[in-house]
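Please look through the sequence and the structure shown here, and then read the report that follows, which takes up a few parts in turn.

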Amino acid sequence: MNYYELAILKSPLTPLTYQSENEIEIGKKVLVKLARMKKLCEAVVLKKVEKPTFKCVDIQELTQEYYNLQMLETAKFISTYYVCSIGEALSSYSPFNEELEEDFDEKSFDSNIKLSKKQEEAFTFLKEKKQALLFANTGSGKTEVYIKTIEKHLNEQKQAVLLMPEISLTPQMQKRLEKVFHTSVAIWHSKVTKKKKKEIIQSLLSGKIRLIAGARSSLFLPFKNLGVIVVDEEHDESYKSDSKPRFQTKDLAIYLSKKYDIQLILGSATPSASSFNKIPYYRLKETFFETKRAIEFDDSDANLSPKTIQKINKTLQENKQVIVFLPTRANFKYQICTSCGKSVECPYCSVSMSLHKNDLALKCHYCGYAQQIPQTCPSCNTGIIHNLRVGTAQIEEELNNLFPNKVIKRFDRDEIKTDTKLKAVLNDFNNNKIDILVGTQMLSKGHDYHNVKLAVVLGIDSVLNMNSYKAREKALSLLIQIAGRSGRKGEGEVIVQTKNQEFFEYFFTQADYKEFLEEELEFREELYPPYVKMARILFAHANGLKVKDELDKYVNILKQNNSIEVVGFGQCAIFKLANKYRYEVIIRSKSIKAILTALHGINSTMATIDMDTNY
């Protein structure tokens with residue numbers, strides 16, 4: 001009889017020992033019985049062990065699927081650093097059938113791209129540094145540098161992965177890559193069907209596919225000989241997983257690059273302060289087309305100020321297009337009673353519900369609960385509801401009233417629910433069939449709009465006022481990214497409605513984003529990342545008293561640890577979510593070992609750990 005330690009996939013359990021009469025390869029995916037589970041569970045063989053003192057259960061079934069050594073090693077790192085079980089870490093990976101692996105046929109590619117002198121310098125710098133940041137202004141041609149680098153590795157019969165924030169996986173980028181790499185490129189993201197994903201994995205193993213362009217999950221595919229990882233828009237927060245394991249894809253790419261000798265390129269017009277601080281960078285300022293961008297500020301409280309309306313009207317008369325950004329979807333984010341001052345909250349979450357006029361409903365953007373729009377305040381039954389913080393749907397409605405003969409579309413998660421809809425709206429906009437596109441942060445994600453002259457930025461103050469040490473970085477980065485969508489070819493204009501003109505104007509018109517990062521890093525020294533490590537421990541339970549006791553217990557334990565600092569603790573900003581009460585503790589330390597030791601000491605079913613938190 002043989003005995004094996006197994007990681008149960010998607011389970012928080014520590015590895016368990018099972019037995020089998022068969023000799024089983026390390027990394028093999030198997031099916032096992034787990035107490036109180038009717039269905040068989042998927043598990044991965046981690047190592048062979050001596051016969052234990054207790055009685056073992058048999059491994060029920062061997063599958064054809066397998067996790068290679070690199071996957072197992074990386075999963076162990078994820079498990080340790082992001083504080084999750086090895087089974088949860090391995091569940092991020094796409095296993096593969098070893099029998100499908102083939103030796104690669106030789107292929108050659110020629111992009112016919114002629115790099116400018118500055119792009120050539122950037123290409124050489126990135127190649128020599130192994131891990132490097134391409135700090136490239138919007139429109140400076142960083143995609144050409146990516147393609148040239150990928151081409152080099154593919155011609156050496158290696159594979160490549162180009163990571164992008166999911167919504168950036170546009171038809172434009174797909175066409176550009178397919179033009180050079182033909183059928184050797186595949187697109188990978190959450191909306192790709194299960195059948196198509198299986199085909200892509202088979203083609204990756206056979207060498208038919210050499211380049212994967214996709215969202216963060218692309219990093220977990222079974223690459224046979226990965227030569228380069230490109231992380232485009234590396235500042236984007238969608239690279240941080242919001243469910244277990246809560247890894248940061250960009251940092252994982254840095255780990256893989258160093259451990260397995262893979263070239264890494266991080267690219268952005270507005271790089272994160274941490275990347276700017278720790279990765280050598282090349283600055284690419286020169287834009288491909290001659291562009292001029294004028295910015296104006298407006299401190300009006302109106303949803304759309306007269307000045308903004310005038311700018312939009314002038315742009316439309318010139319047969320140019322307009323993009324309007326807001327951080328909030330729906331019609332309005334909050335409903336406040338004019339008599340008692342209370343907001344209309346979700347019954348399951350301690351958040352205001354958002355007004356969706358077209359659906360005649362108030363909806364909770366956290367748990368999905370919806371109800372009819374009340375005629376009077378549900379708290380005092382007499383007051384009149386007043387709507388606050390305008391959203392995309394309301395601005396779309398107001399623009400339709402102002403410009404009835406123009407085509408106005410919305411570009412947010414309420415409107416763009418499928419890949420087909422995304423492609424259709426972007427194609428229509430690029431073919432000038434849409435005059436004004438109103439959207440959330442989806443607008444800023446690397447899209448190349450050639451006829452946009454005006455970018456209108458609303459609600460940016462709500463980003464700047466967020467409760468996060470990254471608030472200034474997020475707000476300025478977002479403004480620069482959205483502004484960069486206007487005047488891609490020629491003159492562009494940006495109008496920003498804000499009460500913080502001084503901050504935005506200085507860094508947008510007088511100083512450079514590099515100067516902002518240097519100032520920001522000075523401000524963070526000794527207190528915030530990248531100089532210290534920060535983590536957030538979130539406690540959640542349906543019983544409010546029980547979870548508060550759990551919080552108090554761990555706050556006392558953590559406060560006794562002299563190697564870490566408890567920055568703060570208490571109720572979460574959203575105290576109740578999906579009927580669970582939530583408390584949090586924020587800790588920091590200059591020592592990675594100290595903070596990880598403290599986090600691994602938390603043994604509570606109520607706790608969720610977020611290492612390298614953005615709070």
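Helix 13 (residues 471–483) has 13 residues and reaches 18 Å from its first C-alpha to its last, close to the 18 Å expected at 1.5 Å a residue, where the expected span is 1.5 Å times one less than the number of residues. Helices (H or I, at least four residues) and strands (E, at least two) are DSSP runs, numbered from the N terminus. Twelve of the 13 residues of helix 13 are buried, so helix 13 is largely enclosed by the rest of the structure; buried means under 20% relative accessible area, exposed over 50%, and partly exposed in between, with a 1.4 Å probe and protein chains only. Among the buried residues of helix 13 are Ala471, Glu473, Lys474 and Ala483.

This is a predicted model, in which local features need pLDDT of at least 70 and side-chain atom pairs count only at pLDDT 80 or more, while totals for chains, interfaces and linings use all residues. Residues are numbered from 1 along each chain as its sequence is written, and side-chain values use heavy atoms, with hydrogens and water left out.

| Helix | Residues | Number of residues | End-to-end C-alpha distance | Expected span |
|---|---|---|---|---|
| Helix 13 | 471–483 | 13 residues | 18 Å | 18 Å |

In helix 3, the buried residues are Gln119, Ala122, Phe123, Phe125 and Leu126. They cover an arc of only 165 degrees around the axis, which puts them on the same side of helix 3; the arc is that of the directions from the helix axis to the C-beta atoms. On the other side of helix 3, Lys117 and Glu128 are exposed. The buried residues of helix 3 pack against strand 7 (131–136), helix 4 (142–155), strand 12 (263–268) and strand 13 (281–284), contact being heavy atoms within 4.5 Å. Just after helix 3, Lys130 takes a positive phi of about 70 degrees.

Strand 2 (residues 16–20) is mostly covered, as four of its five residues are buried. Strand 2 pairs with strand 1 (residues 2–8) in the antiparallel sense over five bridges, and Leu6 stands opposite Leu16 in strand 2; two strands pair if DSSP finds at least two bridges between them. Strand 2 and strand 5 (residues 57–66) run parallel and are joined by two bridges, with Asp58 in strand 5 as the bridge partner of Gln19.
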